[in-house]
Amino acid sequence: MRRTVLERFQRCFFGTTPKGGLLARLRGNVAGNTLAMMAIALIPLLFIAGSAIDTARLYMVKNRLQQACDAGALAGRRFMLSSSSTTLDANATTQANAFFSNNFKLGLFGTKSVTFTPSKTSENQVAGTATATVPMTLTGMMGFRDQALTVNCEARYDVADTDIMFVLDTTGSMACLASDTNGCNPVIYSYTRPSDPDAPDYGGTGYASTEKSGSKISGLRQAVLNFYDTLAAAVDPATHLRYGFVTYTSTVNAGYAVTAVSPDYIVNSWTYNSRRLAGDANTGTAKTSTDSSKNASKCNAYSVRSPVTGYTTSGSATRTYGTWDSSNNSCTITEQPLKPKWTYEKVTYDTSQYKLGNTVADPTKVTGATSRWLGCLEERDTTASSSFDYANLPYDLNPDFVPSSDATRWRPMWPDVVYYRGNNSSVTYSGNSSNPLGDDTTGNYYPVMAVAANGQVSCGKPAKRLRTMTRTDVSNYVNAADFVPMGGTYHDTGMIWGTRLLSPTGIFSNDTGAWPGRNPPKRYIVFMTDGDMQPSMCLYGMYGIENYDKRVANVGYQSSCSSSTQLNNHYARFLAACAAAKARNISIFVVGFGQTLTSQLTQCATPGQAFYAANNASLDAAFQTIAKRVAMLRVSK
């Protein structure tokens, strides 16, 4: 039987009996006592030193083992696929083992029998157990056996309370494939707008580009849902997440989000590029007849209009009058068909009921037409400039300015009453034989709604204010009938409203405030676009019709609809809106989808947070990467 260290020590120095031991013999022989005593003293000193050395080795091995375990767990959580399985997927397991092995080499300090076992926890995180056997050195000479070390680790995505605003380009090119670098000329179709929980059941007709199979917007829908899933898998039970959405083209449908805070934030009247009745114009061939019952006085005084005012539902009227013919003493009665004559110019209309979503008469029609607001807005007052003082932004670029006057209030877009008038400041026109009501769709004088199918005016899906959303809520939003591609690309419109809805100090601050007893949330904008800016001087959008209103670029009338000054000024507005977001501690992720990351897009993004996605798969990967960065990977145990 193996003797203990104490037994060996006792036998060596004291013998098996008190008389037979070394010390007993030394009493009788004092020669060399000093050397013997030194030798005896070295043995416990050797034991103490060996213990210190091996203890230090054990500490260092355990520390490195813990670090390697943590690295493996982090890697496993980083690459783990979200699923209902209770076991860790193969790829995550492989990555976890690789990171462990890279951080702990077999043989370190003589270690042997090293193992690492990653696993999936019930909370959808990654845990790990690592073991290593450490042989003893000096203490091994004294009978100490190899020591087995075990450490445990766990990694999770630690998500602080977080607000995420998706600002998504849903312009016409999103109907194409990412490989369609020159567009795809999609067919335009009309649809009935669906009801929306955040806007009146407005219905009405919308227009959209027919999506190709595998379109960019279909990839966007899936990427948003996968983003949600990735983040949801990392959420602790106590963590709060809120989502919001802004879809943008040349404008943003944020009107009903504003009126929900205060209808007074939108004007009660506004001046539009429109037309007003300027009287009657003759149309068609007059009919004449003779009335012998009237004398000269009655004949010349005879004048009847039918209807007395206005027009019939077909837009016509008749004026009947008499002309005395003295040569034969008879009264000639003339019936002249009439049509409206219009003056095309800026006209001010009452918007007090229109802005509430009520059905109102269309003042630019004579056929009893009505209008109902869809929710898109014209911006408040601004400055036409290519540079801005970020500390003193104009009203439209200041996300926190509370409306207090018509200059600072928003204006409801009213495309039904907006008309083109060529390069005239004011012109009177009464149509032609093909368009007797003045709607000359092939000339200079026609309503913008006549070219709505060409994207000259668009009003997309209502913006979604920040709120807690289920996956079904998100799916319902991105898969709705009005989450469709249409219109032109204006990055500034999206960023202005994304920042406004997310700002902790603006009119929507109640949406993004801290949860009771919690720290303020982290705030992020995920900005996605598939194209560079394409502003037009001719379309009707968030800044009116630029050719007439000159709110962004104060240049002359552009018959080609393009202006380099307008483009540069929109770039400046976009960067000012990005700066306003960052000034409010909002982090910005930018994704260029099939679109080169321009200097403006890169500058807008928070450093290191700009991504290029060449196709739907890389868009999905970019969104998941962003979700993981939002989740802030860390070791939890």
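Is C561 buried, partly exposed or exposed? Hold that thought for a moment. First, a word on what you are looking at. This is a predicted model.

Let's start with the whole chain. The protein chain has 637 residues, and buried residues make up 49% of them. Its secondary structure comes to 13 helices and 26 strands.

Next, the disulfides. How many does the structure hold? There are 6. Number the bonded cysteines in sequence order, and the pairing reads 1-2, 3-4, 5-6, 7-8, 9-10, 11-12. I will walk you through three of these links.

Back to the opening question. C561 is partly exposed, because its relative accessible area is 22%, and buried means under 20%. Its partner is C538, and the two sulfur atoms are 1.9 Å apart. C538 counts as buried, at 9% relative accessibility. The link between C538 and C561 is left-handed, with -95 degrees about the S-S bond. This pair links distant parts of the chain, 23 residues apart. C538 sits in the loop between β21 (522-529) and β22 (540-541). C561 sits in the loop between α10 (546-549) and α11 (564-582).

The torsion here is -70 degrees about the S-S bond, a left-handed link. Where do the two ends sit? C69 is in helix α3, residues 33-79. C153 is in strand β3, residues 147-157.

C176 is buried, with a relative accessible area of 2%.

Now a helix. Look at α5, residues 216-232. It has 17 residues, and at 1.5 Å a residue they should span 24 Å. The end C-alpha atoms are 24 Å apart, which agrees. Is α5 enclosed or open? Of its 17 residues, 13 are buried, so the rest of the structure largely encloses the helix.

Last stop: D169. You will find D169 in strand β4, residues 162-169. D169 is buried, yet has no salt bridge. Which side chain of opposite charge is nearest? That is K216, 7.8 Å away. A salt bridge needs the atoms within 4 Å.

What does the side chain of D169 make polar contact with? The side chain of T529, at 2.8 Å. There is also the backbone nitrogen of D530, which lies 3.3 Å from a polar atom of the D169 side chain. Leave out residues up to four places away in sequence, and D169 touches M174, L220, Y248, T489, M528, T529, D530 and G531.

To recap. The model is predicted. The structure holds 6 disulfides. Helix α5 is largely enclosed. And D169 is buried without a salt bridge.

Terms used:
Residues are numbered from 1 along each chain as its sequence is written. This is a predicted model: local features need pLDDT of at least 70, side-chain atom pairs count only at pLDDT 80 or more; totals for chains, interfaces and linings use all residues. Side-chain values use heavy atoms; hydrogens and water are left out. A disulfide is a pair of cysteine sulfur atoms within 2.5 Å. Helices (H or I, at least four residues) and strands (E, at least two) are DSSP runs, numbered from the N terminus. Buried means under 20% relative accessible area, exposed over 50%, partly exposed in between (1.4 Å probe, protein chains only). The expected span of a helix is 1.5 Å times one less than its number of residues. Lys and Arg count as positive and Asp and Glu as negative; His and the chain ends are not counted. A polar contact is a pair of N or O atoms within 3.5 Å; within protein, one must be able to donate a hydrogen and the other to accept it, and residues adjacent in sequence count only if both atoms are side-chain atoms. Contact means heavy atoms within 4.5 Å.
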